[in-house]
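Me: I would like to learn how to read a few features of a protein model. Can we go through them one at a time?

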Amino acid sequence: MRLIIISRLLDTEVLIVGAGPVGLVLAIDLGQKGVRCTLIERKPAPQFLPKMERCNARTMEIFRRMGISTRVRSAGLRADVPMDVYIVTAMSEPPLLRHAYPSVAEARRQIDACTDASMPLEPYQLISQYTLEPLLKSVAESLPSVSVRYGCEFLSFSQDSVSVTTQTSAGPIRSQYLVGCDGGASAVRQQLDIALHGEGDLLRLWQGLFHCEELFDRIPIANGPGRGRHYHVADERSTFLIMQDSTRHWTLHAQLDDERAMAPQFEKAIGVPVKYEMLYVGEWKQNLLIADRYGAGRVFLAGDAVHLVIPTGGLGMNSGVGDAIDLGWKLAATLQGWGGPKLLASYEAERRPVGERNVAASRYASQGRRKWRGLWRNLDELVAVAEVEQRKSNEMIGAELGYRYAGSPIIADEPGGPEDDFRQYVPTSWPGARLPHVWLDGHKAMQDRVGRGYTLLRLGNSKLNSSGLEEAMKARGAPFEALDVPDPIAREIYGFDLILLRPDLHVAWRGKRLPVDPANLAALVTGHYPLGR
Ligand SMILES: Cc1cc2nc3c(=O)[nH]c(=O)nc-3n(C[C@H](O)[C@H](O)[C@H](O)COP(=O)(O)OP(=O)(O)OC[C@H]3O[C@@H](n4cnc5c(N)ncnc54)[C@H](O)[C@@H]3O)c2cc1C
């Protein structure tokens, strides 16, 4: 009752600063859960500037659950274009090295045939950030409880025990919670006096965005490189070209003295004359940094505001989407009154270790890239080293799917646990892990059967009575359902008769029979444990 009265007195329940992909995903998640939230963005509108372009498989699973994966795919790169990576001297020359990676259509065929849960439900999707942001914005704007305000800048905030008052360029906004999704230079983080640690400003590169109608159709040029996603030029300037989602836009990255060298470098990398227009040039820095804290009090931070990785490996935005999804249901649960005090506290406990892990994965991938790049004077040696080292950037399925919330205060963890390996994904139902994707009878995806609240999977023919847990969860006011999954494949892969899933599809608990005291389990997973504290 007190919560409802406070909420009515305030302008909004959650104020989100920053309409990059992370702030937008958080706004959509909260909006779909019926939470009143306001998203402010200082830019007047989304901009046509290049940044990320690959949503990884886990992000696409999340988008599927939000009901937007089909829209994202229709706006992104067509499904038949392969993701091959090349090392070249110029695009007009036969490649020095080619690593083949499947198109979305091929990846989907592999996923359809997969029976051991080692693959995600959704393949990756290439979609440029300048295409994704307006799409996410329109989804957020369509939700009745979400207000999206561009041209509104965060200036400062103050917080007390019940609310946050934020000063913006359009006046003050009072909310119950504030989330800074305001990118690497986060003013929200700076006001909290939370430092970033790690390696900053490791390398500066110029990035240019080029429009070229004919390049995609002219590859292979002279039986040259073929169609793909990345073209690394074996040179002393770390030059590489990335195809964007339209196949008519390309970004070129290179270490150059100034922006005037960008257009000649583009021409040199292609190697044959093409008609093109340079739409944008800007400088960006490579960082491997993580924030000491992910928030304080009623203020939280997510995305680049708390972790900055080298895009090698594509763990920037994708890590931030994971933050948003972890925070979203915990904010909703707390605002709806059933989330206990440990729930929001578990956000940092769960996501900061994942942030550290992804910074390490990105370091590992970029060191591999640096190793072969340093050999540009000796192409034979470069190719031999790149054969091993370049793969590190594009084969990180463990980082994408295998993160686990070990040691979380709201997970019924078990001693031990599988090795953490960001190169490989080994499916597991260990508490804290993402529920591995399994095809059920009729080629139905397990993930699609799981409800929006907590779900107790009753697997195989166990027919266990779970009413004790049901009552305990209901007594907490938490959304809960029990789901019978008789398919033997699911029981075999998950290895347990009972699996309790959280709203974000992570395993909260598993067992072969119900715990003796289901009230304790309900208290733990909803953030109320230890009881009485
Ligand atoms: C060249 C390049 C390639 C990349 N490729 C990939 C990739 O393939 N996959 C991947 O996952 N990641 C990739 N990344 C990283 C990815 O772009 C970032 O991780 C992602 O943009 C972070 O999203 P965010 O929403 O946290 O922050 P941002 O995208 O930085 O958004 C922050 C938003 O906050 C707004 N803002 C800032 N301050 C204020 C304020 N005071 N008031 C109001 N609004 C404010 C900003 O205007 C901005 O819109 C790449 C990055 C680069 C540079």
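Me: Which residues does Thr251 touch, not counting residues up to four places away in sequence?

Reply: Some ground rules come before that. Residues are numbered from 1 along each chain as its sequence is written, and side-chain values use heavy atoms, with hydrogens and water left out. This is a predicted model, where local features need pLDDT of at least 70 and side-chain atom pairs count only at pLDDT 80 or more, while totals for chains, interfaces and linings use all residues. Contact means heavy atoms within 4.5 Å. By that rule Thr251 touches Pro50, Gln207, Gly208, Leu209, Phe240, Leu241, Ile242 and Gln244.

Me: Is Thr251 buried or exposed?

Reply: Buried means under 20% relative accessible area, exposed over 50%, and partly exposed in between (1.4 Å probe, protein chains only). Thr251 has 1% relative accessibility, so it counts as buried.

Me: Which side chain makes a polar contact with that of Thr251?

Reply: A polar contact is a pair of N or O atoms within 3.5 Å; within protein, one must be able to donate a hydrogen and the other to accept it, and residues adjacent in sequence count only if both atoms are side-chain atoms. For the side chain of Thr251 the partner is that of Gln244, at 3.2 Å.

Me: In which strand is Thr251 found?

Reply: Helices (H or I, at least four residues) and strands (E, at least two) are DSSP runs, numbered from the N terminus. Thr251 lies in strand E14, residues 249–254.

Me: What is the order of the strands in the open sheet of eight?

Reply: Two strands pair if DSSP finds at least two bridges between them. The order is E5-E4-E12-E13-E14-E11-E15-E18, with mixed pairing. At the edges are E5 (97–99) and E18 (307–308), each of which pairs on one side only. Strand E4 (residues 85–88) runs parallel to E12, joined by four bridges, and Tyr86 stands opposite Tyr231 in E12.

Me: Which strands of the sheet does helix H9 touch?

Reply: H9 packs on the sheet and touches E11, E12, E13, E14 and E15. Axes are lines fitted to C-alpha atoms, for helices over the stretch in contact, and angles run from 0 to 180 degrees between N-to-C directions. The direction of H9 makes about 105° with that of E14.

Me: Which residues of H9 are buried?

Reply: In H9 (residues 262–270) they are Met262, Ala263, Gln265, Phe266, Ala269 and Ile270. These residues cover an arc of only 160° around the axis, which puts them on the same side of H9. The arc is that of the directions from the helix axis to the C-beta atoms.
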